[in-house]
Amino acid sequence: MEQAHDLIRPWRRATIAVSAVAAAELMILAVIAVVMLGNPIAHHFRASAAAAAEPRKRSDAPAPARRPVLPRSQTSVMVLNGNGQAGAAHAAAARVQSHGYMLGDVGNAPSITPRSLVMYRPGFEAEGRRLARDLRLHIVRPLDGMRPAQLLGSHLVLIIGT
């Protein structure tokens, strides 16, 4: 029984010795890799850090061409009665026409509105602000609750409030 035990021990020592040599070789190869590859990688990180530290320059892209403001005679206004009083929309439509605007559809708003306001289609904000200035109104905003198709070709909507 002693003979079998003696045969196993040299193999253990040899395995441990070979493993130690392999680990040492691996460490040497890792050091060589770090020395050889470390400099280009470090240079890359330094360059990218320097590029990130520089303030970004704005490109001088030209501003989008602005569409000229339509004259009053070519700006169509839909007038809606939002206060529930009979004839309020027609009276407001007469005021709109007296300022030189084209009159679109005249009718009733779907609900009562507490204040008079001007709403404009996308791209017609300047015309909406001009109409509000002409009528001395303070609320001007994009279409809300209406689709452009519901305007029946009008550029602006005037809703008469209470």
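Trainee: Which residue is the bridge partner of Asn81 in β5?

Mentor: Strands of a sheet pair through backbone hydrogen bonds, either parallel or antiparallel. In this predicted model, Asn81 has Ile160 of β5 as its bridge partner.

Trainee: How many bridges join β1 to β5, and how do the two strands run?

Mentor: Strand β1, residues 76–81, and strand β5, residues 156–160, are joined by five bridges. The two strands run parallel.

Trainee: What is the order of the strands in the sheet?

Mentor: Read across the open sheet, the five strands come as β2-β1-β5-β3-β4, and their pairing is mixed. Strands β2 (102–108) and β4 (140–142) stand at the edges; each has a single partner strand, so one side of each lacks a neighbour in the sheet. On average, neighbouring strands here are turned by 25° against each other, direction ignored.

Trainee: Which strands does helix α2 lie across, and which does helix α3?

Mentor: Take each helix in turn. Helix α2 (residues 88–98) lies across β1, β2 and β5, and runs at about 155° to β1. Helix α3 (residues 125–135) lies across β1, β3 (117–120), β4 and β5, at about 165° to β3.

Trainee: Is Val31 buried or exposed?

Mentor: The cut-off for exposed is over 50% relative accessible area. Val31 has 51%, so Val31 is exposed. This residue lies in helix α1, residues 2–53.

Trainee: What kind of surface patch does Val31 belong to?

Mentor: A nonpolar one, with about 950 Å² of accessible area together. Its members include Ile28, Leu29, Val31, Ile32 and Phe45.

Technical notes:
Residues are numbered from 1 along each chain as its sequence is written. This is a predicted model: local features need pLDDT of at least 70, side-chain atom pairs count only at pLDDT 80 or more; totals for chains, interfaces and linings use all residues. Side-chain values use heavy atoms; hydrogens and water are left out. Patches are made of residues with over 30% relative accessible area and no salt bridge: like charges are joined within 9 Å, nonpolar side chains (Val, Leu, Ile, Met, Phe, Trp, Tyr) within 5 Å. Accessible areas come from the Shrake-Rupley method with a 1.4 Å probe; for residues, only the protein chains shown count as cover. A salt bridge is a side-chain nitrogen of Lys or Arg within 4 Å of a carboxyl oxygen of Asp or Glu. Helices (H or I, at least four residues) and strands (E, at least two) are DSSP runs, numbered from the N terminus. Buried means under 20% relative accessible area, exposed over 50%, partly exposed in between (1.4 Å probe, protein chains only). Two strands pair if DSSP finds at least two bridges between them. Axes are lines fitted to C-alpha atoms, for helices over the stretch in contact, and angles run from 0 to 180 degrees between N-to-C directions. Contact means heavy atoms within 4.5 Å.
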